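Here is a briefing on one protein model.

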Amino acid sequence: MASDRWHIGSCTKTFTAVLWACLVERGQAEWDMPLVEALADLGSDIHGDWADQTVDSVLWHHAGISANLSSHQMDQAWEDSRPLDVQRTDAARRALWARPDEPGQFRYSNLGYIVVGAAIDRLAGTTFEQALDAHVLAPLGIETAGFGPPGEVWGHPARFRLGGLGLLAGPPADPSDPRSDNPAVLSAAGTMHITMADWAKFVRVFLLGGSDLLNEAAVDRLLLTPHDGRYGMAMGWRGIGSLPGVGYAMQGSNTMWSATALLDDRRRRAVLVACNDGRNRVLNSSARLAATLLTGSQ
């Protein structure tokens, strides 16, 4: 049904990046803002070697932050009932107390976006979730976005996992089970659900040069890939140079859902695909379907 909400996993990162851009335009944040300035209250808990890293480098996955919470930290996070801004502060403190690991190199990092969420908690004067609603969702008329597994359509994990490969479709995951999604502290990194119509309202920002939400220069910065685009990602999106007609892609999965969004190379059209099956083959198939719909290829 059109009213069904779909979990979009790491496609949430693009919402977080857009929120950061909104704070910049409101004068509450800055492009290239040093991490130590955005999280100034952490003081000596931040290792001195983070001085050269910025929020932008975190959004680009180039700051040297570890990829994820550890397995032990994930288990703790599922049981943690403290306010999410408090949880994000603790996660940021743990991530930044040691020196960065190979800063300047691309390393996809969910933990990095938790750190950005912690910075937003401070600079927006409210929580990340409240700021996202006030500055991104409400202005775009988006009313169906939320966090965690949606209730009306249940996700499906793989029945068996062999390394990183999921084999066979597993049983539906009860959304009342906290482990039917990543821990809530990952909200800025990838726990959003939304209807397709509302997701389209958001993606339309990138087709219209910012629409009424952002100016065109901000949108261009969000889509910029560092190092001349040779490797890595833009802020939430990945530039695609190898597939004719496709300009940018984002994908997300919490291992129970798969989501793909594509923009054409002229940023005139977009395609969104979501499925309540998180297996790798389904995620890959959703990308192929989206590309076929976008380019008209057979």
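On a 1 Å grid over the protein atoms alone, a cavity is a set of points where a 1.4 Å probe fits but cannot get out. A pocket is an open set with protein on both sides within 12 Å along at least five of seven lines. Lining residues have an atom within 4 Å of a point. Points are joined across faces, edges and corners, and a volume is the space filled by probe spheres set on them.

The model is predicted: local features need pLDDT of at least 70, side-chain atom pairs count only at pLDDT 80 or more, and totals for chains, interfaces and linings use all residues. Residues are numbered from 1 along each chain as its sequence is written, and side-chain values use heavy atoms, with hydrogens and water left out.

**Cavity**

- The search of the whole structure finds 1 cavity of 30 Å³ or more.
- The largest cavity holds about 40 Å³ of space.
- Its lining includes Ser 57, Val 58, His 61 and His 62. Arg 107, Ser 109 and Gly 112 are also among the lining residues.
- By class, this lining has 3 nonpolar, 6 polar and 1 charged residues. Here Ala, Val, Leu, Ile, Met, Phe, Trp, Tyr, Cys and Pro count as nonpolar, Asp, Glu, Lys and Arg as charged, and the others, Gly among them, as polar.

- The largest pocket has a volume of about 770 Å³.
- It is lined by 35 residues, and Ser 10, Tyr 108, Gln 251, Gly 252 and Ser 253 are the closest to its centre.
- Two or more lining residues come from each of helix 4 (71-79), helix 8 (187-190), strand 7 (246-252), strand 8 (258-264) and helix 11 (280-295). Helices (H or I, at least four residues) and strands (E, at least two) are DSSP runs, numbered from the N terminus.
- Strand 7 gives the largest share of this lining, 5 residues.
- The lining of the largest pocket divides into 16 nonpolar, 15 polar and 4 charged residues.
- The second largest pocket has about 210 Å³ of space.
- Of its 20 lining residues, Gly 148, Pro 178, Asn 182, Pro 183 and Ala 184 are the closest to the centre.
- Helix 4 and helix 5 (84-96) each give two or more residues to the lining of the second largest pocket.
- That lining has 10 nonpolar, 6 polar and 4 charged residues.

**Helix packing**

- Helix 1 (residues 12-25) packs with helix 7 (residues 128-137) at an angle of about 75°, and their axes are 10 Å apart. Axes are lines fitted to C-alpha atoms, for helices over the stretch in contact, and angles run from 0 to 180 degrees between N-to-C directions.
- The angle makes helix 1 roughly perpendicular to helix 7 (65 to 115 degrees counts as roughly perpendicular).
- Among the residues that meet are Phe 15, Val 18 and Leu 19 in helix 1, and Phe 128, Leu 132 and Val 136 in helix 7. Contact means heavy atoms within 4.5 Å.
- The contact of helix 1 with helix 7 has 10 nonpolar, 2 polar and no charged residues.

**Sheet 1-5-2**

- In this open sheet, 3 strands follow the order 1-5-2, with antiparallel pairing. Two strands pair if DSSP finds at least two bridges between them.
- Strand 1 (5-9) and strand 2 (146-147) are the edge strands, and each pairs on one side only.
- Strand 1 pairs with strand 5 (residues 192-195) in the antiparallel sense over 4 bridges.
- Gly 9 has Met 192 in strand 5 as its bridge partner.
- Helix 9 (residues 196-207) packs on this sheet and touches strand 1 and strand 5. Its direction makes about 100° with that of strand 5.

**Sheet 6-7-8-9**

- Here 4 strands form an open antiparallel sheet in the order 6-7-8-9.
- Strand 6 (238-239) and strand 9 (270-275) each have a single partner strand, so one side of each lacks a neighbour in the sheet.
- Strand 7 and strand 8 run antiparallel and are joined by 6 bridges. Ala 249 has Leu 262 in strand 8 as its bridge partner.
- Helix 9 packs on this sheet too, touching strand 7, strand 8 and strand 9.
- Strand 8 and strand 9 run antiparallel, joined by 6 bridges. Ala 261 stands opposite Leu 272 in strand 9.
- Strand 8 and strand 9 form a hairpin with 5 residues between them. Arg 267 in the turn has a positive phi of about 55°.

Terms used:
Angles under 35 degrees count as roughly parallel, over 145 as roughly antiparallel, 65 to 115 as roughly perpendicular and the rest as oblique.
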